[in-house]
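Here's a quick briefing to read with the coordinates open in your viewer. Have a look at the fold first, then come back for the details.

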Amino acid sequence: MRARHRLHERPHDLLGPRRGGGGAARRPVHLGRLDRPARLPLAPAALPGRRGRLPRTGRAGHGRTGAAGDRRRPPPVDQPGRRRDRHGLCRGDPRAGRLGRRRGGARDRGRRAGVRPHRARHGRPSAVRVSLALATVVALSCAPVAHVEPPPPKPVPKVLVIGVDGVRTDRVLTTRATYLRALMSEGLYATGHLDLAPGVKSLSGPAWSTILTGVNPEKHGVHDNTFNGRQYTRYPDFLTRLERLRPDLDTLAVTLWRTFFETGLLHQVDWHATLRPGVDYAEHLKDEMIIRRMTDLIARHQVDVVFLHLVNPDKVAHKHGPLGSEYVTALDTLDLGIGRLVDAVRRRPTYPNEKWSVIVVTDHGHRDEGGHGGLSPEELQIFLLAAGPGIRHERRHEAKLVDVAPTVFAQLGMRIPADFEGVPLGGEK
Ligand SMILES: [Zn+2]
């Protein structure tokens, strides 16, 4: 995968130094805070903004101790290659012939134990016999095994889902879209229109409910932005499902829309980020703050599944419509943000031993004058983009929001829940 997401520039550099810049330089703009779910208040000293390892439930103390120590040492994310040390005893080592002295581990003791019955039957063996026996053991253990490399550690599947609110599909390719095009040229790009049942509006509430729960509004019950009738207990979001099936996974979700958490649309997630309440952030900086914090988290910390929800294009389209230069700027900024997120994935120290999938999805389009909720073709426009192992390069015309959740499961190598209504993009899972 390393070569596949090649980005020809490092977008984050445009924002100034990211490494070694010291705390002050990195904090002129920051995401207000990273919260644990509301029921688990987080001690201020453990905020991940201090570059420490993400403290987790049941690993008390990591946040505090990690803050200073991790500055010098990279965070202890999954460490490939550790096992290799144990197997490399004989490989090309000129001292291998004197192995009897060097070894002494459990395996070797086991081998020596194998000589003992011989000793018991024949009395104390002579020094010659012992050294012959050892030499045989050494020869047997080194000769054939010496050239067998241990199997490489299995790459760890991980998924980044970038939700982009109100991105009108037909406008995307009228812009540069450098990083979106890079993902499109590699993965599956599907365009389409929302297929809404009667009474369901082309609004974020129902659409993100469909994306996150993997079922249509008839089941998750959300028809508009009141979220009335929601059935998230029965049809939880895919992050919650993943947490219940695989509590070891590190899940992370960030959205500016607190409603996602307040309604339970995002329920059981290891980490969620949101803006500090009561602070009046400049509208156009909100996504930027999210991306800055998320690129930092993705590049440095343990994460397996990440969901982000970026809103600036939608805000701009509501204000200026999706046809003007303001919207083009919003899409350019979004594209750059996506490039920075993908780049952050590639900067992970453990990236060579990981296989990442990236999914980009929008929830609805916009009328030419801005606004949505109705049934005009412009409002109903959507697209899905998925790149990752097993997903062939393909262009489709039937994008379905219910396909996102099963795609996440498939890319993680997990069985697709039976009540999901979509199919994994890329198939053959
Ligand atoms: Zn909107």
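What follows is a short tour by topic, from the whole chain down to single residues.

Keep in mind that this is a predicted model. The protein chain has 18 helices and 9 strands, and 39% of its 429 residues count as buried. Of the contacts with a separation of 6 or more, 66% join residues 24 or more positions apart.

**The nonpolar core**
- The largest nonpolar core takes in 85 residues, and Ile 162, Leu 341, Ile 359, Val 360 and Leu 385 are those with the most contacts inside it.
- Helix H16 (residues 325–346) gives the most to this core, putting in 9 residues.
- As background, nonpolar side chains tend to be buried together in soluble globular proteins.
- Leaving out residues up to four places away in sequence, Leu 385 touches Leu 180, Leu 183, Met 184, Gly 187, Tyr 189, Ile 359 and Val 360.

**Strand pairing around E3**
- Strand E3 (residues 188–193) pairs with E8 in the antiparallel sense, over 6 bridges.
- Tyr 189 stands opposite Leu 385 in E8, and Tyr 189 is also among the residues that Leu 385 touches.
- E3 also pairs with strand E9 (residues 394–396), here in the parallel sense and over 3 bridges.
- On that side, Ala 190 stands opposite Arg 396 in E9.

**Helices H15 and H16**
- Helix H15 (residues 312–320) packs against H16 at an angle of about 180°, and their axes are 9 Å apart.
- Angles over 145 degrees count as roughly antiparallel, so that is the label for H15 and H16.
- From H15, the contact uses Asn 312, Pro 313, Val 316, Ala 317 and His 320; they meet Glu 326, Tyr 327, Ala 330, Leu 331, Thr 333 and Leu 334 in H16.
- By type, the residues of the contact between H15 and H16 split into 7 nonpolar, 3 polar and 1 charged.

**Val 345, a buried residue in H16**
- Val 345 lies in helix H16, and it counts as buried because it has 21 C-beta neighbours inside 10 Å, with the cut-off at 20 or more.
- Val 345 touches Leu 160, Ile 298, Tyr 351 and Trp 356, not counting residues up to four places away in sequence.
- The C-alpha atoms of Val 345 and Lys 158 are separated by 9.8 Å, although the two are 187 residues apart along the chain.

**Helix H18, mostly covered**
- Helix H18 (residues 404–411) has 8 of its 8 residues buried.
- That covers Val 404, Ala 405, Pro 406, Thr 407, Val 408, Phe 409, Ala 410 and Gln 411.
- The buried residues of H18 pack against strands E2 (156–164), E6 (305–310), E7 (354–362) and E8 (381–387), plus helices H10 (204–213) and H12 (238–245).
- After H18 comes Gly 413, with a positive phi near 75°.

**Thr 233, an exposed loop residue**
- Thr 233 is found in the loop between helix H11 (217–220) and H12.
- Thr 233 counts as exposed because it has 8 C-beta neighbours inside 10 Å, and the cut-off for exposed is 12 or fewer.
- Between Thr 233 and His 267, 34 residues apart along the chain, the C-alpha separation is 9.4 Å.

Key:
Residues are numbered from 1 along each chain as its sequence is written. This is a predicted model: local features need pLDDT of at least 70, side-chain atom pairs count only at pLDDT 80 or more; totals for chains, interfaces and linings use all residues. Helices (H or I, at least four residues) and strands (E, at least two) are DSSP runs, numbered from the N terminus. Two residues are in contact if their C-beta atoms, placed from the backbone, lie within 7 Å. A nonpolar core is a set of buried Ala, Val, Leu, Ile, Met, Phe, Trp, Tyr and Cys residues joined through C-beta atoms within 7 Å. Two strands pair if DSSP finds at least two bridges between them. Axes are lines fitted to C-alpha atoms, for helices over the stretch in contact, and angles run from 0 to 180 degrees between N-to-C directions. Angles under 35 degrees count as roughly parallel, over 145 as roughly antiparallel, 65 to 115 as roughly perpendicular and the rest as oblique. Ala, Val, Leu, Ile, Met, Phe, Trp, Tyr, Cys and Pro count as nonpolar, Asp, Glu, Lys and Arg as charged, and the others, Gly among them, as polar.
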